[in-house]
Amino acid sequence: MNIPVYIFTGFLESGKTRFIKDTLLDPGFTDGEKTLLVVCEDGEEGYSQQFLKEANCVLLNIDSIEDFKGVTLKKTALSETPDRVVLEYNGMWDMSLIEQEFPANWEIFQIVTTVNAETYEVFLKNMGPKIIEQVGLSELVVFNRCTPKLKEYIRNTSVNAMNPRAIIFLEDINGNAENYYDGLPLPFDINAPIIEINDEDFGIWYVDAVNSPDKYVGKKIRFKALLHKQPAEPPDRFAAGRFAMVCCADDISYIAVFCKMKNAADIVKEETWATLTATVTSEYVPEFQDDAPVLLIDDFQEATAPEEDLIYFR
């Protein structure tokens, strides 16, 4: 039987320990099961013996990457036989280490990233790729210690572009949380007969559509995109998207939705631009590992590249 692992990551003083404590004492999360609590860094707030007893936790401190890569995890897993594992991960370590070093019967159930809103701007400017790595792998992202001004800044940095699937909450100093997506305006008319997506707004539409595909089902949309078709794909399917930069020049990547069109294999030319008019559907897409928007092409017109071929999610 596999043991579920809950991973909490984020930089030092991002609120991981407090979040973990609240989670482990939540009756909805635990019913007395034994938890192995693996802590990979020392913050200001620790775990007292009283807390460990109350939460039925066994504490394992990992002081270095070398210890994390060693036999300690596996030996402790065998000797303690926990019902679950909670891992407070060091935010400076590569996320790729996690599964490599897990015992065979440990299975990642959820990844949570906590972010101190007060230091977010500094970390984003200096360690943007590391933040993108953490957020990009998380199901839940919580920004704590938010002021109204910091909430505005966080939304303006388009955190949702780092991971359109993540649930994102903004929490104020009193612990009151609001959904990141509440109040985010869309720069296009979602109720228009044909939703016109300007060149600079493709990223905003993409994030919104991937996050909430059902919202667009049955609607018609028009936008300009760079096309890509792999030889192994079904003959009627191709990708339409843009190159996007979330944070810095190191994280430029091609983001796209899949399209279906009769005779696409004969019509679609690799790495060319086209203006597409399509009807939006939603279906399970293996590449997304979830339901995602799929476009049924109504009209296809070859086009020239826009003046700015890179989008920034702003």
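**A tour of the aromatic rings**

Begin by selecting Tyr 120, which counts as buried at 1% relative accessibility, where buried means under 20% relative accessible area, exposed over 50% and partly exposed in between, with a 1.4 Å probe and protein chains only. This is a predicted model, in which local features need pLDDT of at least 70 and side-chain atom pairs count only at pLDDT 80 or more, while totals for chains, interfaces and linings use all residues. Residues are numbered from 1 along each chain as its sequence is written, and side-chain values use heavy atoms, with hydrogens and water left out.

The structure holds 18 aromatic pairs, a pair being rings of Phe, Tyr and Trp (its six-membered ring) with centres within 6.5 Å, called stacked if the planes are under 30 degrees apart, edge-to-face if over 60 and tilted for the rest. Select Tyr 47 and Phe 51 next, a tilted pair at 5.7 Å centre to centre with 40° between the planes. Tyr 47 counts as buried at 13% relative accessibility, and Phe 51 counts as buried at 7%.

Tyr 153 is partly exposed, with a relative accessible area of 24%.

Now select Phe 202, Trp 205, Tyr 206, Tyr 216 and Phe 223, which ring pairs link into a cluster.

Finish with Arg 237, whose charged end sits over the ring of Phe 258, 3.7 Å from its centre; this requires NZ of Lys or CZ of Arg within 6 Å of the ring centre and within 35 degrees of the ring normal.
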